[in-house]
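Dear colleague,

I am handing over a structure that you have not worked with before, and I would be glad if you could look through it with the notes below at hand.

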Amino acid sequence: MTDREIAETLNRRLRDMVLTLRRITADQEITSQQTSVLGSLEDGPRRMTDLAAEHGVRLPTMTAQVNRLERDGRVVRGRDAADARVVTVELTPHGRDGLRAARERRVALLAERVAALPAADRDALAAALPALGRLFTP
């Protein structure tokens, strides 16, 4: 396969994977997009502008996501100590619990599907993980 063919196939597989993971959260309290935002807050408060940039959305889109998460008690807004004009967002214990539950659903589904693969496919998948990590790490 050429580099281009690998990229095209990887793009299709990533799309399939994202859609599958979104489907398992479709009937849950927290959407996959909200789970992603909560995951970005796992290591501490973040600036709204940084969240928007990380998720590849405009600030109004991130504001709408954060508004819903705040309404549901999953995040709280704050101010940057160095610059009071800067809005930060922080995970609440309720948000951390929701993130944990959403991840568990995803991991359980993936573990079930990995377990159903032939051993050679599981080995190939495990061997590809370091390369995928390097591919998506800046």
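**Salt bridges in the model**

At 30% relative accessibility, E42 counts as partly exposed, and please keep in mind throughout that this is a predicted model. The partner of E42 is R103, with which E42 forms a salt bridge whose closest N and O atoms are 2.8 Å apart. This pair links distant parts of the chain, since R103 belongs to helix 5 (residues 93–115) while E42 sits in the loop between helix 2 and strand 1 (46–47), 61 residues apart. R103 is itself partly exposed, with a relative accessible area of 35%.

The structure holds ten salt bridges, and another one of them joins the side chains of R74 and E29, at 2.7 Å from N to O. R74 lies in the loop between helix 4 (59–71) and strand 2 (75–79), and E29 in the loop between helix 1 (3–25) and helix 2 (32–40), so this pair ties together parts that are 45 residues apart in sequence.

R100 counts as exposed at 51% relative accessibility, and D97 as partly exposed at 43%.

Terms used
Residues numbered from 1 in each chain as written. Predicted model: local features only at pLDDT ≥ 70, side-chain atom pairs only at ≥ 80, totals over all residues. Heavy atoms only, no water. Salt bridge = Lys/Arg side-chain N within 4 Å of Asp/Glu carboxyl O. Helix = DSSP H or I, 4+ residues; strand = E, 2+ residues; numbered from the N terminus. Buried < 20%, exposed > 50% of the residue type's maximum accessible area, 1.4 Å probe, protein only.
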